Amino acid sequence: MSATADHAEERTSPAVRLGFQPEQVVQEIGFDDDVDQELREAIEEVIGSELVDEEYDDVADAVVLWFRDEDGDLTDALVDATTYIEEGGSILLLTPKTGRDGYVEPSDISEAATTAGLSASKSVSVGKDWSGSRLVTPKAAKSKK
């Protein structure tokens with residue numbers, strides 16, 4: 001494979017587009033049989049290691065949160081996820097696309113993110129059945145005394 005092809009792959013990899021970087025520790029929450037295995041593998045390829053599970057007992061650089069409407073309260077899930085990440089880390093919230101079982105309304109995502117103290121980016125397609133929102137802790141919230 002040529003260097004040009006390598007660079008093209010970097011630009012098109014969903015994991016790279018979502019901001020994952022080599023050597024990050026990425027914790028995965030909400031794993032089930034319906035998750036997008038290709039996305040998981042792409043993230044693992046970029047970070048150079050396996051995703052750590054919910055039992056991981058240290059802080060992570062980022063969290064991948066698979067969330068379906070029937071999984072409970074999204075705000076609670078986001079607040080819990082923020083306890084797992086380093087300051088300045090991000091949460092990739094993955095929800096089923098429109099028309100799929102477990103679909104979550106964008107307004108619900110926005111409201112839950114705001115209530116949890118997070119800023120949401122626009123939603124992006126990350127696979128056949130999943131949409132993703134990259135959520136970050138606002139810098140101003142981290143600098144409050």
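1. Start at Leu93. Its bridge partner in strand S6 is Ser133. Strands here are DSSP runs of E with at least two residues, helices are runs of H or I with at least four, and both are numbered from the N terminus. This is a predicted model: local features need pLDDT of at least 70, side-chain atom pairs count only at pLDDT 80 or more, and totals for chains, interfaces and linings use all residues. Residues are numbered from 1 along each chain as its sequence is written, and side-chain values use heavy atoms, with hydrogens and water left out.

2. Look next at strand S3 (residues 85-96). S3 and S6 pair in the antiparallel sense over seven bridges. Two strands pair if DSSP finds at least two bridges between them.

3. S6 also pairs with strand S4 (residues 119-120). The sense is antiparallel, over two bridges. Ser119 stands opposite Val136 in S6.

4. Strand S5 (residues 124-125) is joined to S6 by two bridges, and the two run antiparallel. Val124 stands opposite Gly132 in S6. A hairpin of four residues links S5 to S6.

5. How much of S6 is buried? Strand S6 (residues 130-136) has five buried residues out of seven, so the rest of the structure largely encloses it. Buried means under 20% relative accessible area, exposed means over 50%, and partly exposed lies in between (1.4 Å probe, protein chains only). Across the 145 residues of the protein chain, 39% are buried.

6. Now the helices. The axes of H4 (residues 74-82) and H5 (residues 106-115) come within 8 Å and cross at roughly 45°. Axes are lines fitted to C-alpha atoms, for helices over the stretch in contact, and angles run from 0 to 180 degrees between N-to-C directions. H4 and H5 are therefore oblique to each other. Angles under 35 degrees count as roughly parallel, over 145 as roughly antiparallel, 65 to 115 as roughly perpendicular, and the rest as oblique.

7. Which residues meet? Leu74, Thr75 and Leu78 in H4 meet Asp108, Ile109, Ala112, Ala113 and Thr115 in H5. By class, this contact of H4 with H5 has five nonpolar, two polar and one charged residues. Ala, Val, Leu, Ile, Met, Phe, Trp, Tyr, Cys and Pro count as nonpolar, Asp, Glu, Lys and Arg as charged, and the others, Gly among them, as polar.

8. Finally, the whole chain. The protein chain has six helices and six strands. From the N terminus on, the order is α-α-β-α-β-α-β-α-β-β-β-α.

Terms used
Contact = heavy atoms within 4.5 Å.
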